[in-house]
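The questions below go through one protein model, helix by helix and contact by contact. Each answer ends on the item asked for.

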Amino acid sequence: MATALCPGSFDPVTNGHLDIIERTARHFEDVIVAVIRNPQKSQSLFTLAERQEMLHEVTAHLSNIKIEFFKGLLVDFAKDHGAEAIVKGLRAVSDFDYELQMAQMNQSLSGIDTFFISTSPGYSFLSSSLVREVARYGGDVSSMVPPLVAKRLAERFGGGTG
Ligand code: PNS
């Protein structure tokens, strides 16, 4: 198979995201990490440029990854970039209803299929929003995000590791 999309907000990228991106990269020739430019999320913690830079660095060991931004419908971006598949991680049953609905909508709009990868059990409780909250109040997120991201979070919240 050819090109797959791993879409999301990545604010910031977590070890759970990275696990899904790495596993997707083993199954597809090319992977585009599609970062949504989301006007509704005006209170994003990291700018798009910061998110892109972190994604670039934490995926530097993978040769078949590109990081791109998109706005509007994901399936339009997929068509514009010749992507044949969308890949998502499923953490728990609670993800399933919404993800299934989106997958069916995207399939119906475009014919593009969504493939689900089961999140590695050690990451099933992880989300960017919880990581932001824990980091904001000084909790230790070093096992939840790549070291670079932990450093950026500490800088952002004045945690002082550099
Ligand atoms: O990291 P997130 O915020 O859970 O990612 C959600 C995302 C960006 C994958 C999803 O909101 C999305 O695909 N948005 C694009 C808009 C779109 O295509 N909507 C119709 C989906 S059925």
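Q: Are H2 and H6 roughly parallel or roughly antiparallel to each other?
A: This is a predicted model. In it, H2 and H6 pack with their axes 10 Å apart, at an angle of about 150 degrees. Angles over 145 degrees count as roughly antiparallel. The two helices, H2 and H6, are therefore roughly antiparallel.

Q: Which residues of H2 and H6 make the contact, and how many of them are charged?
A: H2 contributes Glu50, Glu53, Met54, Glu57 and Val58, while H6 contributes Leu148, Val149, Arg152 and Arg156. Sorted by class, the contact of H2 with H6 has four nonpolar residues and no polar ones. The number of charged residues in this contact is five.

Q: How many residues apart in sequence are the parts that the pair Glu50 and Arg156 ties together?
A: The side chains of Glu50 and Arg156 meet in a salt bridge, with N to O at 2.6 Å. Glu50 lies in helix H2 (residues 48-58) and Arg156 in helix H6, so the pair ties together parts whose separation in sequence is 106 residues.

Q: Is Arg156 buried or partly exposed?
A: Buried requires a relative accessible area under 20%, and exposed requires one over 50%. Arg156 has a relative accessibility of 36%. Arg156 therefore counts as partly exposed.

Q: Which residues of H6 are buried, and which helices are among those that cover them?
A: The buried residues of H6 are Leu148, Val149, Ala150, Arg152, Leu153 and Ala154. What covers these buried residues includes two helices, H2 and H5.

Q: Which residue just after H6 takes a positive phi?
A: The phi angle in question is about 75 degrees. The residue that takes this value just after H6 is Gly158.

Q: Where on H5 do the buried residues lie, and which helices do they pack against?
A: In helix H5 (residues 128-136), the buried residues are Ser128, Val131 and Ala135. They cover an arc of only 60 degrees around the axis, which puts them on the same side of H5. The helices that the buried residues of H5 pack against are H1 (15-27) and H6 (147-156).

Q: What is the distance between the C-alpha atoms of Val131 and Leu153?
A: Val131 is in helix H5 and counts as buried at 1% relative accessibility. Leaving out residues up to four places away in sequence, Val131 touches Thr14, Leu126, Val141, Met144, Val145 and Leu153. Val131 and Leu153 are 22 residues apart along the chain, and their C-alpha atoms are separated by 9.2 Å.

Q: Is Thr14 buried or exposed?
A: Thr14 is in the loop between strand E1 (3-8) and H1. Not counting residues up to four places away in sequence, Thr14 touches Leu126, Ser127, Ser128, Val131, Met144, Val145 and Pro146. At 3% relative accessibility, Thr14 counts as buried.

Q: Which peptide bond is cis, with omega near 5 degrees?
A: Pro12 is in the loop between E1 and H1. The cis bond, with omega near 5 degrees, is the one from Asp11 to Pro12.

Q: What is the relative accessible area of Phe10?
A: Phe10 is found in the loop between E1 and H1. Its phi is near 50 degrees, a positive value in a residue other than glycine. Phe10 is buried, with a relative accessible area of 4%.

Q: How many residues apart are Glu99 and Lys88, and are they buried or exposed?
A: Glu99 forms a salt bridge with Lys88, and the closest N and O atoms are 2.8 Å apart. This pair links distant parts of the chain, Glu99 in helix H4 (residues 93-110) and Lys88 in strand E4 (residues 85-90), eleven residues apart. Glu99 has a relative accessible area of 14% and is buried. Lys88, at 13% relative accessibility, also counts as buried.

Q: Which residue forms a salt bridge with Asp95?
A: Asp95 counts as buried at 12% relative accessibility. The closest N and O atoms of the bridge are 3.0 Å apart. The partner of Asp95 is Arg91.

Q: How many salt bridges does the structure hold?
A: Side chains of opposite charge can pair when their charged atoms come close. Asp11, Arg51 and Arg132 are linked in a network of such bridges. For the structure, the number of salt bridges is eight.

Note on methods. Residues are numbered from 1 along each chain as its sequence is written. This is a predicted model: local features need pLDDT of at least 70, side-chain atom pairs count only at pLDDT 80 or more; totals for chains, interfaces and linings use all residues. Side-chain values use heavy atoms; hydrogens and water are left out. Buried means under 20% relative accessible area, exposed over 50%, partly exposed in between (1.4 Å probe, protein chains only). Helices (H or I, at least four residues) and strands (E, at least two) are DSSP runs, numbered from the N terminus. The arc is that of the directions from the helix axis to the C-beta atoms. Contact means heavy atoms within 4.5 Å. A salt bridge is a side-chain nitrogen of Lys or Arg within 4 Å of a carboxyl oxygen of Asp or Glu. Axes are lines fitted to C-alpha atoms, for helices over the stretch in contact, and angles run from 0 to 180 degrees between N-to-C directions. Angles under 35 degrees count as roughly parallel, over 145 as roughly antiparallel, 65 to 115 as roughly perpendicular and the rest as oblique. Ala, Val, Leu, Ile, Met, Phe, Trp, Tyr, Cys and Pro count as nonpolar, Asp, Glu, Lys and Arg as charged, and the others, Gly among them, as polar.
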